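Please look at the sequence and the model below.

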Amino acid sequence: FDEIAKQIQFEGSHDKLLNAWNAMLLDVPEHRLDTLVTMKHNYNTYLLSNTCEPHIEAFEKDLESNYGIKNFNDYFDKVYYSCRIGMRKPDAEIFEHVLRDNHLKASETVFIDDSEQHVKGAGECGINAFLLQKNMEMSRQAVDSLDAKLRKEKTSHETELKKEKNAVLEILSQSEKNRQRAEEERKKGGLFSRWMPARGAT
């Protein structure tokens with residue numbers, strides 16, 4: 001915090017700066033925690049947050065005070081805080097780290113964030129990234145609807161790939177048939193010429 005104080009030329013006490021810094025934090029409504037519980041039962045869920053240790057300490061204290069919860073570990077399969085892994089959104093390395101660490105495929109992963117630059121960063125890594133608009137709630141129904149949409153697109157894509165594969169196989173099969181036919185014709189021609197009497201022979 002000393003570095004932050006120097007950068008903004010803050011001359012007050014450490015506690016005042018810390019309180020001002022933590023004032024940026026928003027509360028976590030209970031219905032959102034309920035949504036997280038429901039989604040975790042149906043999906044692999046991960047928290048990826050740009051934050052710092054004072055903020056972590058503050059919101060974990062708030063969680064315990066309001067709900068008796070120590071941290072978010074019970075609400076996600078894994079929690080990633082930028083200050084603890086030395087990477088930040090929207091850099092590609094942090095998205096790739098989470099994918100690699102959990103053996104996830106980018107094309108099968110959904111990233112939801114309220115920052116356009118973070119959504120853009122995730123999208124550039126091949127992740128299905130969606131912007132959570134201001135005052136929008138991410139309900140279980142919304143997630144299921146999004147999941148159904150992605151599954152439909154994936155099925156459609158796989159169907160097209162299957163058609164293309166079958167077309168290539170058909171071409172290869174026809175090419176092999178033509179090759180075999182030509183080989184048979186060549187052999188027949190060879191036998192015919194071998195047993196044909198030479199011109200002028202009696």
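A residue is called buried when its relative accessible area is under 20%, exposed when over 50%, and partly exposed in between, with a 1.4 Å probe and protein chains only. The model is predicted, so local features need pLDDT of at least 70 and side-chain atom pairs count only at pLDDT 80 or more, while totals for chains, interfaces and linings use all residues. Numbering starts from 1 along each chain as its sequence is written, and side-chain values use heavy atoms, with hydrogens and water left out.

The structure holds 4 aromatic pairs (ring centres of Phe, Tyr or the six-membered ring of Trp within 6.5 Å; planes under 30 degrees apart are stacked, over 60 edge-to-face, the rest tilted). One of them joins F59 and Y81, tilted at 55° with 6.0 Å between centres. F59 is in helix α4 (residues 53–67) and Y81 in strand β2 (residues 78–81), 22 residues apart. Helices (H or I, at least four residues) and strands (E, at least two) are DSSP runs numbered from the N terminus. F59 counts as buried because its relative accessibility is 16%; for Y81, also buried, the value is 6%.

Another pair is F95 with F111, edge-to-face at 80° and 5.2 Å centre to centre. F95 belongs to helix α6 (residues 92–101) and F111 to strand β3, so this pair ties together parts 16 residues apart in sequence. F95 is buried at 2% relative accessibility, and F111 is buried at 10%.

Strand β3 (residues 110–113) also contains D113, which is buried at 8% relative accessibility. The side chains of D113 and H118 make a polar contact of 3.5 Å (N or O atoms within 3.5 Å; within protein, one able to donate a hydrogen and the other to accept it, and sequence-adjacent residues count only if both atoms are side-chain atoms).
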